[in-house]
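Here are my notes on the model you sent over.

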Amino acid sequence: MLDTPVSSARGPRHPLRLSVLVTLLQSALVVAQPSPAEPLILKTSPLLQDQIATEVRSSLPSFVSGQQITGRTDLETVVEGNAMLRRGDIVIKADRLEYNQPTDLAKARGHVLINRAGNVYEGPLMELRVDAFEGFFNEPTYHFLRNNAHGQADRVDFLDEQRAVIHNATFTTCQRLPGPSWMPDWILKASTISLDNEEEVGSASGALLSFKGVPLLPVPYITFPLSDKRKSGVLPPTIGLDNVNGSEVSVPYYWNIAPNRDATITPTLMSKRGVNLDAEFRYLEEDYAGNVHLDWMPADQLRNANRWGLNFGHQARIASAWTDGGATLNLNLNRVSDDNYWRDFTRTNSSLTQRLLANDATLGWSNGAWVSSVRTLKWQTLQDVTAPIVPPYDLLPQLRTNYTRVHPAGFSYGLSADYTRFQSDMMRTGQTNGQRTFGLVQASYPLTAAGGFLTPKLQLHASQYQFDTALANGDTSASRVVPTLSLDSGLVFERDTQLFGRNLRQTLEPRAFYVNTPYRDQHLLPNYDSGANDFNLATIYTENAFVGNDRISDSNLLTLGVTTRWLDPASGAEAARLGVAQRLRFSDQNVTLPGGLPAQDRVSDLLLGGSVHWDPRWSFDGTVQFNPKTEQSVRSTLSANYRPGPYRTLTAAYRYQRDSSEQLDFGWQWPLNDLWGDRGQNLAAGQGLGAGRWYSVGRLNYSMNERKLVNSVLGFEYDADCWLGRIVLERLQTSSITATQRIMFQLEFVGFTRLGVNPLKSLKDNIPGYQNLREPVGMPSRFSNYD
């Protein structure tokens with residue numbers, strides 16, 4: 001066997017004998033051998049590059065080897081018997097190989113194989129200009145590294161190093177099995193297939209897609225991706241069925257306008273409703289980004305009206321010399337044509353399927369310790385005659401600023417100011433519109449140590465109102481000043497312990513929080529933005545029982561609580577936590593929301609909460625609000641998660657609120673093959689657990705009060721390696737008596753395309769921890785298929 005370097009067509013030509021190469025290599029190894037005292041340091045090498053630039057490849061030497069080599073120096077070389085020519089990332093093997101150096105033309109016959117950067121072609125006859133990669137290959141079989149696709153053809157024409165045309169070709173990603181009778185589960189046959197690796201897109205003309213031997217999709221012309229890179233073109237049609245729209249057929253068109261702009265236009269024919277046009281435009285610039293989403297149905301046969309929905313999001317940074325880092329602008333606009341839109345178009349953008357649609361514009365900036373903003377917020381409220389809702393107030397506008405400082409002596413002080421103009425439908429709110437100026441000044445002096453903390457704080461709330469119409473007492477203006485004193489304190493005790501044979505560090509953290517706010521009569525003031533604070537283990541340690549600025553609760557109460565944690569002493573990770581807290585009220589709370597009753601209980605409900613993360617696979621969380629007088633639970637939430645590995649997740653939750661609701665929630669993704677002992681394989685991320693596996697997926701939300709499923713998703717996935725099958729049933733409750741139901745069926749031909757209605761968004765939105773069986777992965781290295 002001889003291995004001889006052949007000079008490049010453009011570089012110097014210096015033939016070198018194999019024995020000399022071996023001698024030089026041995027000498028280099030002796031010199032490079034580190035002494036025993038020197039540590040071995042790995043360094044990157046430019047000799048093994050994944051991608052070789054065109055200008056670099058032209059200067060690389062060519063090496064040939066074989067059983068017999070003849071030829072003329074600097075003219076031609078003929079190699080016979082196990083012939084091989086190697087240059088950079090190109091390897092050519094054949095029974096006989098002729099290489100002409102002046103023209104850089106290689107001719108190969110008999111068991112020819114080309115491996116170029118991991119893409120392999122095999123056949124009987126080939127001619128190729130190596131550097132330009134121009135030529136042809138007769139009757140080849142081929143295998144592509146990027147998407148693991150393969151096939152065979154009558155001929156391949158290599159146009160250049162990035163483009164090729166394959167004639168009378170087949171294409172599939174199904175792994176070839178032994179035996180002459182093997183047929184792939186799916187295959188694309190085409191009169192020509194064009195591959196463009198620069199644009200990372202393929203196209204086929206005269207194409208027929210067959211599945212399990214059944215012709216499935218005959219198309220005169222189709223394009224498909226060679227990677228996850230975006231490309232313009234018609235996407236595969238989707239077919240759906242639900243009880244509201246009837247049968248649906250959608251044909252999306254994707255327009256890759258620029259690397260930072262794209263659009264998707266999707267016309268949909270609905271048998272019960274007519275034609276709907278969905279258009280989405282996205283853009284991304286250095287200083288701004290956003291998207292516009294429009295749904296338009298010119299003639300809805302169910303409602304006998306034009307229907308439309310618009311969602312516009314925009315974020316921008318505006319250069320400004322008088323701010324720190326410029327100003328930020330955020331726009332979020334949501335509008336629909338009518339009150340029934342949220343019920344009829346449940347699969348539209350989620351921001352358009354709510355009954356309260358926000359149209360928000362905010363400009364924010366900072367100057368040192370000052371953070372300021374200007375905001376306008378206008379709501380579109382979708383009313384239902386059977387269940388009307390009181391619309392929230394529009395903010396037209398809202399001006400806010402905050403100032404926060406920490407004095408070197410340890411004092412922390414701040415100022416918050418807010419001016420807002422509130423406007424809404426007075427017939428529905430039952431209140432006058434108006435404007436409010438609010439200010440909050442506060443100062444605290446935190447004292448902290450390793451074993452505890454003490455934080456006294458003073459607050460002063462001041463408000464001024466101006467009303468469009470008079471209040472019940474005839475006033476058109478009002479003011480309010482309320483001081484608040486609070487004292488927060490806590491201790492931290494630690495000890496080393498063992499639990500279930502595990503070394504842990506346990507803490508004991510008692511906490512006491514006192515707040516005193518005098519009573520100020522506020523019952524005549526309108527309520528523009530205040531609501532009751534959720535009663536939980538976080539809000540129980542706050543000064544105000546309300547959120548918003550229209551109600552400042554009078555308080556004279558002490559909150560006592562204690563938390564214990566079990567921590568891993570090495571990592572600090574929390575293995576378990578248990579906490580309890582309760583309020584002691586020394587006087588009645590008289591300030592209430594409109595229609596509310598004063599709080600008179602001297603002892604509040606008891607809050608208990610805990611979590612266990614003992615094992616990375618398991619987690620438990622729970623909170624209970626317990627009334628000691630009735631000895632009954634007022635509100636409870638319990639949840640459990642089990643994730644023992646990839647594509648295995650179980651979640652369960654129980655939610656209870658006395659005299660209101662009681663629900664059970666189950667979600668899962670689980671391989672059914674586990675039931676008969678087939679645990680699958682540990683493949684790369686986003687590659688599933690192996691071929692021939694079934695997965696069950698779903699989420700069930702059951703109302704125990706109504707004794708029925710409220711929302712549910714239930715389906716199965718099948719992984720056949722080169723194709724995936726999904727069937728999912730979805731039910732969404734749109735009112736107390738109506739629901740939208742649909743069936744989603746999809747075939748995904750891995751590395752090629754998808755057919756049917758894509759259920760992946762529903763699965764990801766509804767199943768915590770759901771994993772797609774096929775996730776895009778990076779470009780594989782050419783050394784993973786190296787000759």
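1. Strand 44 (residues 693-703) pairs with strand 45 in the antiparallel sense, over 11 bridges. Strands here are DSSP E runs of at least two residues and helices are H or I runs of at least four, numbered from the N terminus; a pair needs at least two DSSP bridges. R699 has V713 in strand 45 as its bridge partner. The two strands make a hairpin with four residues between them, and R707 in the turn has a positive phi of about 55 degrees.

2. Before you go further: this is a predicted model, where local features need pLDDT of at least 70 and side-chain atom pairs count only at pLDDT 80 or more, while totals for chains, interfaces and linings use all residues. Residues are numbered from 1 along each chain as its sequence is written, and side-chain values use heavy atoms, with hydrogens and water left out.

3. Strand 45 also pairs with strand 46, again antiparallel, over eight bridges. Look for F716 opposite I727 in strand 46. This hairpin has three residues between its strands, and D721 takes a positive phi near 80 degrees.

4. The torsion about the S-S bond is about 65 degrees, so the disulfide is right-handed. Both C174 and C722 are buried (under 20% relative accessible area; exposed is over 50%, partly exposed in between, with a 1.4 Å probe and protein chains only).

5. Another strand set worth a look: strand 31 (residues 452-467) and strand 32 (residues 477-491) pair antiparallel over 15 bridges, with G452 opposite L491. Strand 32 is also joined by six bridges to strand 34 (residues 502-517), running antiparallel; there L487 stands opposite Y514.

6. S604 is in the loop between strand 38 (574-585) and strand 39 (606-612). Is S604 buried or exposed? Buried, at a relative accessible area of 13%. Its side chain reaches the backbone nitrogen of R583 at 2.8 Å.

7. R583 turns up again in the lining of the second largest cavity, along with residues including V515, T542 and Q589. Two cavities of 30 Å³ or more are counted. Residues lining the largest cavity include R86, A117 and D787.

8. Finally, the second largest pocket has a volume of about 670 Å³. Of its 30 lining residues, the closest to its centre are R116, A117, N119, Q162 and N197. Helix 2 (54-57), strand 7 (119-129) and strand 12 each supply at least two residues of that lining.

Terms used. A disulfide is a pair of cysteine sulfur atoms within 2.5 Å. On a 1 Å grid over the protein atoms alone, a cavity is a set of points where a 1.4 Å probe fits but cannot get out, and a pocket is an open set with protein on both sides within 12 Å along at least five of seven lines; lining residues have an atom within 4 Å of a point. Grid points are joined across faces, edges and corners, and a volume is the space filled by probe spheres set on the points. A polar contact is a pair of N or O atoms within 3.5 Å; within protein, one must be able to donate a hydrogen and the other to accept it, and residues adjacent in sequence count only if both atoms are side-chain atoms.
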